Amino acid sequence: MSLELSVCGRRWQYSGAVKEGEAAIFAEKLLQQRGVAGADIERFLNPTLKDLMPDPGLIPDIVCAADRLMQAIVGAEDITFLADFDVDGASSAALLFQYCTFFGLRPLVEVPERLIEGFGPNRRILDAVASRGGGLMLCLDCGTAAVDLFDEYAERLHVIIVDHHQPGAVLPPVYAIVNPMCSKQGRQAFGDLAAVGVVFMLLVVTNQHLKAAGHAVPNLKGLLDLVLLGTVCDMVPMRGLNRAFVHRGLECLNTAPRVGVAALMQVSGVKPMLARPEDISFS
């Protein structure tokens, strides 16, 4: 591992008799105190999706949800996203919206009125979607706890919940619930993810199915700046796959920020090319 440059790109200057090799030994001890040792050091300092992504199939319902999303994309169906109002929900909706625009679709995004309607799906939004003809609706960063809400809409709406919140003893009667917390295997492999990370995994599987059917698909790595936003702002544990999301997401953000994010960086005083996780979560 190289200790020549700081995270800001500045070159370290070692004072007195301190040598770079000694600094490396000290850094290695710090990592060991944090439970990182041996071969894990390189993956910790230079995390990649290839090395750190478990099998997406460990997440419950992800295969059938990807099949249904592919069906909606290929059939140019009307799609609605019902997103939570926080950064995780907003970035989840933005991620899925950007994905769908690759195929020429423009889904409708619904967000509950925070002060009036509170958290999660509600009857006003479901009635509005059903009155427009129904179709496919994805609840993002919400919906797992809405056990008694979806029964009467089953014939008009196919609802896919993409969430990371802890489920109760009873799950909502919907088409699919893509939530790693709903199974032991999913929780062990993906329990640290924010909702936007779960959405990304759904798109990984959807891309696989579309490619297998002969369709062109978008490059998901170009969307990792959106995964970065929700992951950092939802304050999930920064380990495993989340480190890869943030590492690669920062590369996207600092190399070619999308227009909306660039505007936020400008008004918050974040320097281009030098954005850090603390800039995202605080500034």
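**Note on the sheet and a helix pair**

1. In β5, V178 is the bridge partner of V162. Strand β4 (residues 157-162) and β5 pair in the parallel sense over 3 bridges, two strands being taken as paired if DSSP finds at least two bridges between them. Helices (H or I, at least four residues) and strands (E, at least two) are DSSP runs, numbered from the N terminus.

2. This is a predicted model, in which local features need pLDDT of at least 70 and side-chain atom pairs count only at pLDDT 80 or more, whereas totals for chains, interfaces and linings use all residues. Residues are numbered from 1 along each chain as its sequence is written, and side-chain values use heavy atoms, with hydrogens and water left out.

3. The open sheet has 5 strands in the order β2-β1-β3-β4-β5, with parallel pairing. Its edge strands, each pairing on one side only, are β2 (108-110) and β5 (176-178).

4. Helix α4 (residues 62-74) lies across β1 (79-83), β3 (135-140), β4 and β5, and runs at about 110 degrees to β5; angles run from 0 to 180 degrees between N-to-C directions, and axes are lines fitted to C-alpha atoms, for helices over the stretch in contact, where contact means heavy atoms within 4.5 Å.

5. The axes of helix α10 (residues 224-233) and helix α11 (residues 241-255) come within 7 Å and cross at roughly 125 degrees. That makes α10 oblique to α11, since angles under 35 degrees count as roughly parallel, over 145 as roughly antiparallel, 65 to 115 as roughly perpendicular and the rest as oblique. Among the residues in this contact are L224 and V227 of α10, and F245 and L253 of α11.
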